Amino acid sequence: MNFELRGCPINKYQLLEVVSAFLHGRKPNTPAHSVCVECKRRGTVCVMVAHGTPCLGPVTQAGCGAICPAYHRGCYGCFGPKETPNTASLSAWWSRLGVKEQDLVRAYRGFNAFAEPFRKESELHEQQTS
Ligand code: SF4
């Protein structure tokens with residue numbers, strides 16, 4: 001079985017879960033939801049809604065504890081795409097915040113640039129800059 005543990009750095013509890021799961025021959029139980037859920041759980045105000053700060057949290061897999069928004073900055077996606085991320089909707093939000101096409105391309109290529117949802121979304125915006 002192949003399994004990719006995401007994050008920069010990875011979460012030590014997720015690492016223990018993956019090792020334990022493999023030793024017991026079961027599928028690792030890691031979150032499929034977004035960083036937004038972690039913000040809500042720790043009571044962090046949404047940086048995008050409250051301050052207009054671009055944030056990849058809505059499309060990024062949870063696991064870090066929503067560290068970056070807790071320090072009033074947007075998530076830059078180091079845990080990679082969540083399950084079925086709605087990147088089109090998030091990009092539309094970012095555009096309404098005034099983010100330019102080339103900056104959208106850079107955002108999706110910061111971490112996990114070759115993960116399919118991020119790659120496809122960055123290619124779409126790259127086409128719109130040319
Ligand atoms: S970039 Fe996103 S996923 Fe990575 S630590 Fe910051 S909030 Fe978490």
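Predicted model: local features only at pLDDT ≥ 70, side-chain atom pairs only at ≥ 80, totals over all residues.
User: What is the radius of gyration of the protein, and what would a compact globule have?
Analyst: The C-alpha atoms fill a box of roughly 50 × 35 × 20 Å along the principal axes. For 130 residues, a compact globule would have a radius of gyration near 14 Å. The protein agrees with this, at 15 Å.

User: What share of the residues in the protein is buried?
Analyst: A residue needs 20 or more other C-beta atoms within 10 Å of its own to count as buried. Of the 130 residues, the buried share is 33%.

User: Among contacts between residues at least 6 apart in sequence, what percentage joins residues at least 24 apart?
Analyst: The contacts considered here are those between residues at least 6 apart in sequence. Those joining residues at least 24 apart make up 55%.

User: How do the residues of the shell around the ligand divide into nonpolar, polar and charged?
Analyst: The ligand is surrounded by Val35, Thr60, Cys64, Ala66, Ile67, Cys68, Cys75, Tyr76, Gly77, Cys78 and Phe79. By class, the shell divides into nine nonpolar, two polar and no charged residues.

User: Is Ala66 buried or exposed?
Analyst: Ala66 is one of the residues around the ligand, and lies in the loop between helix H3 (47–51) and helix H4 (67–70). Its phi is positive, about 55°, although Ala66 is not a glycine. Because Ala66 has 24 C-beta neighbours inside 10 Å, it counts as buried.

User: Which residues touch the most other members of the largest nonpolar core?
Analyst: In soluble globular proteins, nonpolar side chains tend to be buried together. The largest nonpolar core here has 21 residues, and the members touching the most others are Val35, Cys55, Leu56 and Cys75.

User: Which helices each supply at least two residues of this core?
Analyst: The core in question is the largest nonpolar one, with 21 residues. The helices that each supply at least two of its residues are helix H2 (35–42), H3, H5 and H6.

User: Leaving aside neighbours within four places in sequence, which residues is Leu56 in contact with?
Analyst: Leu56 is among the core residues that touch the most other members. Once neighbours within four places in sequence are set aside, the contacts of Leu56 are Gly74, Cys75, Tyr76, Gly77 and Ala107.

User: Which helices are included in what covers the buried residues of H6?
Analyst: In helix H6 (residues 101–108), the buried residues are Leu104, Ala107 and Tyr108. They fall within an arc of 90° seen down the axis, so they line one face of the helix. Their cover includes helix H5 (87–96) and helix H7 (116–129).

User: Is Asn112 buried or exposed?
Analyst: Asn112 is found in the loop between H6 and H7. It has a positive phi of about 50° although it is not a glycine. With 22 C-beta neighbours inside 10 Å, Asn112 counts as buried.

User: Which residues are joined by a cis peptide bond?
Analyst: Pro9 belongs to the segment before H1. The cis bond has an omega of about 5°, and the residues it joins are Cys8 and Pro9.

User: How far apart are the C-alpha atoms of Lys12 and Leu124?
Analyst: Lys12 is found in helix H1 (residues 12–23) and is exposed, with 9 other C-beta atoms within 10 Å. Lys12 and Leu124 are 112 residues apart along the chain, and their C-alpha atoms are separated by 35 Å.

User: How far apart in space are Arg26 and Met1?
Analyst: Arg26 is found in the loop between H1 and H2. With 10 C-beta neighbours inside 10 Å, Arg26 counts as exposed. In sequence, Arg26 and Met1 are 25 residues apart; in space, C-alpha to C-alpha, the separation is 9.8 Å.

Note on methods
Residues numbered from 1 in each chain as written. Rg over C-alpha atoms; globule rule 2.2 N^0.38 Å. Buried ≥ 20, exposed ≤ 12 C-beta atoms within 10 Å, placed from the backbone. Contact = placed C-beta atoms within 7 Å. Near = placed C-beta within 6 Å. Nonpolar A, V, L, I, M, F, W, Y, C, P; charged D, E, K, R; others polar. Helix = DSSP H or I, 4+ residues; strand = E, 2+ residues; numbered from the N terminus. Arc of directions from axis to C-beta. Core = buried A, V, L, I, M, F, W, Y, C linked by C-beta atoms within 7 Å.
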